[in-house]
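Hi,

Here is the structure I promised to pass on. Have a look at it first, and my notes on what turned up follow below.

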Amino acid sequence: MAVKKEYKRDYKKERTREPKKISDVKSTPRAKVNADGTKEFDQSTFFASCPKEVEYLLEQEIKDLGITRIEVEKGGVAFKAETEQALDVLLQSRIASRVFKELQVYTISSEKDLYALAKEKWWDKVFSVHQTFKINTLFDRETKENFTNSIIFSQLLKDAIADNFREKFGERPSVDTGRPDITFLLRVERKPGTALYNARILVDMVGEPLSNRGYREESLKAPLRENLAAAIVMTTDFNPDADIFTDTMCGTGTLLIEAILIRAKVAPTYLKIRKYIEKKIPVFDFIKHPWFMVDRKSQRVFDEKAQAIYNHSLAALNELQTRQFFGFDISDRALETTRIHLHNAMIDQQIVTLNKRDATKITPMDEAPGIVICNPPYGERMGEEEELKDLYKSYGENLKHNFKGFRAYVFTSNPLLRKEISLGTSKRHTFYNGSLECRLLKYDLY
Ligand SMILES: C[S@@+](CC[C@H](N)C(=O)[O-])C[C@H]1O[C@@H](n2cnc3c(N)ncnc32)[C@H](O)[C@@H]1O
């Protein structure tokens, strides 16, 4: 693959020093003190979504940001926080796909109730008649037993919003199902033991998913989303201060890059923040939401957080001198893509030793301790599975003979292929890559 011209650009010249610690601008909740001395926090409810089975990692990230009112749900974590604290989650989480702010919860018995209740809301406080919008509806399992068509719910909520605007202003905002200014999520959940439902209306604060960090070439398909790759690295026992990190089948470099960002303690949104600061691009949807556009304090806090991330990421990546990252692949194209992605991620190529090698024959490039990880091909096409059995078998044997003292991890969705690795599994974790059930298997090599 030809390397793009832009790939030659030297970011080092653009880097600045003196990082400001992110913790310096972390939000602390603002409390109203009541007459009796009790404190009342001006908090809203948020929902951060993530791939299934990694909710506990997201929960820990949210706790680490000082948020205490947390509820783990399937596919995400609900939490109560001030908007400025929720911005920390949006900016710092490696696991979240999106962050939503809850606007309203209605109790309904049918979709008609939803229309009647939603038509009365002050939608013009949420967005303007000149902005475009879209509604996605999700049912929980119990709701699906009674309602089959989530599109009807989306349409009725859309009608309620449109009629509300039309009655007040004589015109209505348009729907854009592609890239609207504002996206609502309607979650309909059955109230236990009743024939009633909670219709929860949330607004997406993010827009483009947080998993799209911004270092990938859009034209190239990679099997791992960035937040899933981060979750895999965070599930291993990788110790960034002591371990070498080897990806023996690195593909487009996602595991390597996420591990380097973890090592450098760089917020996963740093490339988006760079666009926001340097090009004034509103990289998150909330920046265009009316509440934010009139809230000077939130704007100032967000700008401070963004500047801290910008300064820290440039300095931390610039100062990273380590030689602990190694990537191998059998394909020239894969290695070239990894190089492009490293460049896009502003990671110095010197930090990662990339080599064209057959993973069934390689030996470690440095001494243990360390982790050796891979996400081998898993045989999507007919007949491919048989051919891959040998790869898995020989790879397992190579680990056994040449990687003594390392901790090995294999991430794959194929149960037949993973059985070909004749090593004892010391840990296993389930993940979902979209709807595909996958396992991360750990092998201790003595
Ligand atoms: C599923 S992809 C890895 C994707 C990677 N985790 C990413 O996020 O881009 C599998 C990779 O294994 C590589 N591969 C297949 N057989 C190999 C072998 N014997 N040695 C080294 N790499 C191999 C392929 O070229 C491919 O890039």
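A quick word on naming: helices (H or I, at least four residues) and strands (E, at least two) are DSSP runs, numbered from the N terminus. On that basis the protein has 13 helices and 16 strands. Bear in mind that this is a predicted model, so local features need pLDDT of at least 70 and side-chain atom pairs count only at pLDDT 80 or more, while totals for chains, interfaces and linings use all residues. Residues are numbered from 1 along each chain as its sequence is written, and side-chain values use heavy atoms, with hydrogens and water left out.

**Overall**

Of the 446 residues in the protein, 53% are buried. Buried here means under 20% relative accessible area, exposed means over 50%, and partly exposed is in between (1.4 Å probe, protein chains only). As for contacts (heavy atoms within 4.5 Å), take those between residues at least 6 apart in sequence: 75% of them join residues at least 24 apart.

**The ligand**

The ligand is surrounded by 20 residues, and the closest are Thr252, Thr254, Asp329, Ala359 and Asn375; to count as near, a residue needs a heavy atom within 4 Å of the molecule.

- Thr252 has a polar side-chain atom 2.5 Å from an oxygen atom of the ligand.
- Thr254 puts a polar side-chain atom 2.7 Å from an oxygen atom of the ligand.
- Asn375 has a side-chain N or O atom 2.9 Å from a nitrogen atom of the ligand.

H8 covers residues 270-279. Seven of its ten residues are buried, so H8 is largely enclosed by the rest of the structure. Those buried residues are Tyr270, Leu271, Lys272, Ile273, Arg274, Tyr276 and Ile277. Their cover includes H2, helix H7 (254-263), H10 and helix H11 (332-344).

The packing of H8 on H10 (residues 296-319) comes with an angle of about 115° and axes 9 Å apart. Axes are lines fitted to C-alpha atoms, for helices over the stretch in contact, and angles run from 0 to 180 degrees between N-to-C directions. The crossing of H8 and H10 is left-handed, i.e. the near helix is turned anticlockwise from the far one by less than a right angle (clockwise would be right-handed). On the H8 side the contact is made by Tyr270, Ile273, Arg274, Tyr276, Ile277 and Glu278, and on the H10 side the residues include Phe302, Ala306, Tyr310 and Leu317. By class, this contact of H8 with H10 has nine nonpolar, two polar and three charged residues. For the classes, Ala, Val, Leu, Ile, Met, Phe, Trp, Tyr, Cys and Pro are nonpolar, Asp, Glu, Lys and Arg are charged, and the others, Gly among them, are polar.

H2 (residues 83-92) is another enclosed helix: nine of its ten residues are buried, so it is largely enclosed by the rest of the structure. The buried ones include Glu84, Asp88 and Leu90.

Just after H8, Lys280 takes a positive phi of about 60°. Lys280 sits in the loop between H8 and helix H9 (290-294) and counts as exposed at 65% relative accessibility. Glu53 also has a positive phi, of about 80°, although it is not a glycine. That residue is in the loop between strand E3 (44-49) and helix H1 (55-64), and is partly exposed at 38% relative accessible area.

There is a cis peptide bond from Ala368 to Pro369, with omega near 10°. Pro369 lies in the loop between strand E12 (352-356) and strand E13 (370-374).

**Two strand residues**

Asn136, in strand E7 (residues 133-139), is partly exposed at 37% relative accessibility. The C-alpha atoms of Asn136 and Thr177 are separated by 9.5 Å, and the two residues are 41 residues apart along the chain.

Cheers

Technical notes
Polar contact = N/O pair within 3.5 Å; in protein donor to acceptor, adjacent residues only side chain to side chain.
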